[in-house]
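Please find below my notes on the model under discussion.

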Amino acid sequence: MHLKEMSAQTEGSYQIAISVVDDVARAGSGDVIIGGGFTPIPSIPFNNCNLPRPRSSNFVGRRTEIQKVMDALASDDWIVMIDGMGGIGKTTLALEIAYLCKEHRSKYPHIPQFTGYIWISAQESPDFCLDYVVKKILRVLGPFQTRTEQLTPSEELNLAVRMLAVEPFLLIIDNLQTVRDEPLDELLRFLRDQFPDPSKALLITRHHIHIQAGERRITLRGLKDEDAAWLLRLEAESLEIPLDEQAAAALEIIAQKSYGIPLVLRWVMERVYDGKSYDWVLQSLQAADEEYIFKHIFSHSISTLDLETRRVFCSMSLLPTWSRIEAIAALNPDVAAIQDHVSSLVSLSLLEDNRSLVQGARRFKLPKLAWHLACRELAGTEDGGRGSVEGGLKYYLSDVQGFEPHSEGADAYLRAEFTNVRNIVRVASKFEDPVLLKQCVELAERVSELTYQYGQTLFACLAEPIVRAGDEVLALSLLSAMGSPYVIGRPALPPMFFGREALVRFIRERFEADRMHASVVSLVGLRRIGKTSILLHLRRQAPSRCIYAFVNLQGAVHRGTAGLSYYIARSLGHELAGMGLEVVEPRDQEFVDRPYEALDDYMGDVLSSLSSRRLVLMLDEFDVLFGPVDTVRMDTESLLAYLRARVQTGTFGIIVSGVRPLYELPSSVAGHPFFGLAVSKRVPCLGREAAGQLMQQPTRGLIKYDERSVEYLLQLTGCHPHVLQLVCDSIVELCCEQGRLQVDLEMVESVVPFVFEQYFFHELMGQWEDDERAVLQAAASIVDTSKGGFTIDRLQETLDIDAPKISWLENSLSRLVRGEILAVDHRGNYGFTMEIFRRWVVERAA
């Protein structure tokens with residue numbers, strides 16, 4: 001008799017029984033937890049099927065994983081394993097796969113056309129074994145009378161094999177990790193040696209089972225962020241939790257912090273339903289103190305670990321990213337056979353394995369949620385993890401000493417290992433132990449020699465704990481290793497960007513409002529005052545409705561009209577490509593005969609690719625385009641006309657920056673209508689608070705300034721950021737030479753001659769015409785700082801200027817005040833904005 005016909009005989013009995021257990025059957029997927037594991041309730045067998053019903057209504061994502069399982073079922077392999085940590089969604093995926101095979105066969109024509117589905121959970125019986133599986137197979141596939149016949153285990157096994165060989169059936173065994181070793185070995189032998197074609201077996205387990213020929217494994221990890229966020233919304237809808245904009249934004253963060261683990265995502269919404277806040281949920285996950293989550297996911301696996309394997313698990317919290325077996329061994333110097341312990345953790349899904357077969361490329365790491373648990377457990381050990389930390393520091397110091405500075409090998413090594421190095425240094429610094437801190441400084445110094453930026457990151461981790469430790473020798477050692485943190489000759493970027501928040505906010509408000517309040521903003525100010533830093537800060541900010549693209553015109557002066565147009569287009573293309581946007585590279589030949597038409601075509605293509613976002617083109621060093629005629633070989637008036645026409649369409653904005661105000665440009669262009677569109681903003685020297693931060697924060701408390709030296713530095717430099725950094729840079733160098741960390745007036749004064757050697761002052765003086773330079777030289781020599789500076793009468797007397805020529809002097813003073821070299825008060829007293837520049841003029845300008 002055909003199996004389908006035998007199954008039909010049971011329909012009457014099925015209809016009677018279904019009403020009795022209907023409430024249980026409705027529980028379906030997701031409602032039952034047995035012994036800490038998710039266990040869907042199988043339905044009463046009918047038509048060779050006992051799949052739990054219904055399947056999850058909130059199933060999202062897993063498209064890649066579904067395809068992998070389907071491909072495995074379509075292959076010659078007859079055993080397919082889905083493994084992964086607890087709560088990751090293995091059972092839900094297996095159930096979804098089964099229903100896809102059963103109800104949507106036409107979508108997957110390459111897989112076997114299964115005519116029956118046997119669902120078994122290893123948690124259904126404390127004595128789960130092969131005999132239990134056989135009885136389940138017979139109960140689902142066999143005719144009614146076979147369930148009451150008295151057969152020996154051997155007869156039952158043979159009958160089950162014959163049934164599975166008739167037609168393709170899918171045997172699904174869930175929670176296989178709960179089976180004891182001997183029954184598991186017996187079951188696997190049956191599946192590998194006796195399980196007949198054309199049927200297939202789908203095994204679900206938290207443990208990595210070593211696969212053999214004819215077997216395939218799919219390891220499940222967390223949902224993608226977008227799928228996790230969608231699942232949260234579905235759960236909120238199921239629980240009737242309202243979602244406003246703030247809650248929706250919180251769910252996006254929780255989706256990331258939950259690492260896409262479905263169990264955690266459902267737990268989150270249940271806690272919110274119970275009245276907990278989203279902040280409470282995030283803190284609980286971060287602190288690894290929500291026992292339900294960690295008990296369900298990890299308790300079974302953790303309970304099976306021996307003492308040494310558990311130590312290895314705890315130590316792995318020091319290595320948050322992929323790590324070599326040698327690094328793990330270094331953290332556990334007293335643990336033998338480290339590979340065996342690592343393999344045990346991998347088999348229990350407590351450790352991920354990149355499964356690289358290339359020698360030396362094998363890497364391991366803890367799943368994110370397990371990492372939080374391991375951090376908590378390491379902190380609770382007898383030494384708090386100090387021994388593992390010390391082993392890690394020694395290991396990485398030995399490793400980095402084997403590379404040449406700035407070599408490809410060093411760069412590749414640090415890209416792979418720096419996350420681990422930084423975390424070990426961070427944890428080590430919490431002990432505030434001089435021995436560990438000294439090792440950290442040595443490691444950071446060596447890393448800095450290999451790659452400066454990585455080293456600075458480590459120094460930043462160490463400064464505060466070393467200051468707290470109060471060890472001056474150690475503090476000097478760190479200061480000497482890190483060198484001067486001040487930025488000389490380059491734009492200042494975070495963490496060296498201070499005091500420009502109001503100006504950045506002003507610019508953003510002008511361009512990012514629903515309707516742009518300005519199409520052109522002009523930034524002017526002294527040389528090295530921070531204009532370029534502001535532009536680069538805008539470019540680096542978090543994504544907004546505007547895209548800020550930086551173009552430095554310094555290199556375009558001698559290119560001619562066609563060269564300038566192509567330069568702007570190419571620079572813009574490179575900027576957008578660096579932001580991950582797809583743009584076409586401009587072709588220089590198109591700019592030769594029709595430069596501005598080609599630029600306009602390219603700009604049109606760029607703007608159309610940005611969708612609803614606006615482009616703000618930032619043209620740095622804009623005034624170099626309007627220099628002496630013999631140095632500028634381009635049609636600047638046509639450029640201004642093009643920019644004016646383009647911004648008037650409202651499709652994008654422009655920020656120009658330079659030293660000269662727009663009204664001081666050559667008369668041939670100063671009256672151009674383009675400049676009538678501009679809102680001009682002067683970039684001043686820093687405020688006193690921001691200047692104080694720039695002075696003291698970069699050394700992170702290692703250097704202490706007394707109150708008089710702070711005040712004197714602010715007055716000496718006029719809070720000009722570049723000049724302030726020149727002085728502080730020399731102070732750091734002198735502190736390291738003299739072995740002292742306290743800065744007083746005497747030390748500040750002692751570095752001034754070294755600062756005078758810097759080219760900046762020549763550059764500042766050189767931007768002025770002969771008349772202004774003569775005024776500056778005369779004024780510098782007659783300033784009476786005790787009386788507030790000098791008067792125009794005293795300056796006229798010094799320069800021996802007749803009354804008819806007084807207008808020349810007044811005009812020169814006016815230009816120097818507008819240029820912020822001089823300042824004048826309400827009484828007509830003039831003074832230098834930077835006392836150190838005045839002193840340079842007196843001593844060096846001649």
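1. Basis of the model. This is a predicted model, in which local features need pLDDT of at least 70 and side-chain atom pairs count only at pLDDT 80 or more, while totals for chains, interfaces and linings use all residues. Residues are numbered from 1 along each chain as its sequence is written, and side-chain values use heavy atoms, with hydrogens and water left out.

2. Confidence. The average pLDDT (the predictor's confidence in each residue, from 0 to 100) is 86 for the chain, and 91% of the residues score at least 70. Over residues 1-37, however, the pLDDT is below 50, and this stretch has 63 contacts in the model beyond near neighbours in sequence; a contact means heavy atoms within 4.5 Å. Where pLDDT is low, the predicted coordinates should not be read in detail.

3. The sheet containing S3 to S7. Helices (H or I, at least four residues) and strands (E, at least two) are DSSP runs numbered from the N terminus, and two strands pair if DSSP finds at least two bridges between them. Strand S3 (residues 79-83) is joined to S7 by 5 bridges, and aspartate 83 has threonine 219 in S7 as its bridge partner.

4. Axes are lines fitted to C-alpha atoms, for helices over the stretch in contact, and angles run from 0 to 180 degrees between N-to-C directions.

5. The sheet containing S10 to S14. Another open sheet of 5 strands has parallel pairing in the order S11-S12-S13-S10-S14. Its edge strands, S11 (546-552) and S14 (678-682), each pair on one side only. Neighbouring strands are turned by 20° against each other on average, direction ignored. Strand S11 and strand S12 (residues 614-620) run parallel and are joined by 7 bridges; phenylalanine 550 stands opposite methionine 618 in S12. Helix H23 (residues 501-512) packs on the sheet, touching S10 (520-524), S11, S12, S13 (652-658) and S14, and its direction makes about 115° with that of S11.

6. Cavities. Searching the whole structure gives 3 cavities of 30 Å³ or more. A cavity is a set of points, on a 1 Å grid over the protein atoms alone, where a 1.4 Å probe fits but cannot get out; lining residues have an atom within 4 Å of a point. The largest cavity has a volume of about 100 Å³, a volume being the space filled by probe spheres set on the points, which are joined across faces, edges and corners. Among its lining residues are Phe59, Arg62, Leu231 and Arg266. Helix H5 (90-103) and helix H11 (262-273) each supply at least two residues of this lining.

7. Backbone details. Aspartate 197 and proline 198 are joined by a cis peptide bond, with omega about 15°; proline 198 is in the loop between helix H8 (181-193) and S6. Asparagine 48, although not a glycine, has a positive phi of about 60°, and lies in the loop between strand S2 (37-38) and H4.

Note on methods. On a 1 Å grid over the protein atoms alone, a cavity is a set of points where a 1.4 Å probe fits but cannot get out, and a pocket is an open set with protein on both sides within 12 Å along at least five of seven lines; lining residues have an atom within 4 Å of a point.
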